[in-house]
Amino acid sequence: WDWALSELEDALARSDRDFAARMRSAELLGLRGHDTQADLQRLADEVADMTELQAQSSVGEVRALVALARGEMRSALDLAQAAYRTSLAPDATSVETAIRAAAVLGDADAVTDALGAIEGTPGRVTAAIRREGQAALAAIAGRSREALVGYLDAARRWDDLGLAVEAALSRLALITVLGPSDPEARAAGEEARVVFERVGAR
């Protein structure tokens, strides 16, 4: 993320009104442990009255992801649900964020609702999200082995897509909801740690 943040800094130096740069900068800094809540709230206030629903959804999903990284699961779930219900772009992250937060909260209905948002949508990304959602439902129902297999498969799918951070978040969800007792779960947690350290996430 160092390169991305450097590019964002350059963009903001040219124009501090660059909305996309402000949003992505607040996102990455937030994921690195910086307090960007005020910046994200300002962005949300700016788009609140826009007719462009995608802008509202984008800010919402960024706020949801940062909340997830901060361990604020209820806030992450609420923000992610609002985002995908407002507008769901092909590259949106709100559905998987909702699934991850709901899994930690033990909210099967919320996982099911998130999966419903991508029902019938083809593609490898939605297949990975769907697999993770199935794993989350298994974990909530107490089917630990099924959940473990599902999470590992979801993480592999994210890896195959070249989305290392998504794979790490999936593995983090695995060890958070299932615990570290299984050697495969511990290995998954270690893989996630390596990725987060590499990008500087906290």
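These legends walk through a few close-ups of a predicted model.

**View 1. Helix H6 from end to end.** Helix H6 takes in residues 94-105, which makes 12 residues.

**View 2. H6 under cover.** Is H6 mostly covered or mostly open? It's mostly covered: 10 of the 12 residues in H6 are buried. Among them are Ser94, Val95, Glu96, Ile99 and Arg100, along with Ala101, Ala102 and Ala103. So who's doing the covering? The elements over the buried residues of H6 include helices H4 (53-69), H5 (73-86) and H7 (108-117), and also H8 (124-140), H9 (144-160) and H10 (164-178).

**View 3. H8 meets H9.** Two packed helices are described by the angle between their axes and the distance between the axes. Here the axes of H8 and H9 come within 8 Å and cross at roughly 160°. Because angles over 145 degrees count as roughly antiparallel, that makes H8 roughly antiparallel to H9. The crossing of these two helices, H8 and H9, is left-handed.

**View 4. The residues between H8 and H9.** On the H8 side, look for Val125, Ala128, Ile129, Arg131 and Glu132, which are among the residues that meet H9. The H9 side includes Val149, Gly150, Tyr151, Asp153, Arg157 and Trp158. Sorted by class, the contact of H8 with H9 holds 13 nonpolar, one polar and seven charged residues.

Note on methods:
Residues numbered from 1 in each chain as written. Predicted model: local features only at pLDDT ≥ 70, side-chain atom pairs only at ≥ 80, totals over all residues. Heavy atoms only, no water. Helix = DSSP H or I, 4+ residues; strand = E, 2+ residues; numbered from the N terminus. Expected span 1.5 Å × (residues − 1). Buried < 20%, exposed > 50% of the residue type's maximum accessible area, 1.4 Å probe, protein only. Contact = heavy atoms within 4.5 Å. Axes fitted to C-alpha atoms, helices over the stretch in contact; angles between N-to-C directions. Parallel < 35°, antiparallel > 145°, perpendicular 65-115°, else oblique. Left-handed = near helix turned anticlockwise from the far one by under 90°. Nonpolar A, V, L, I, M, F, W, Y, C, P; charged D, E, K, R; others polar.
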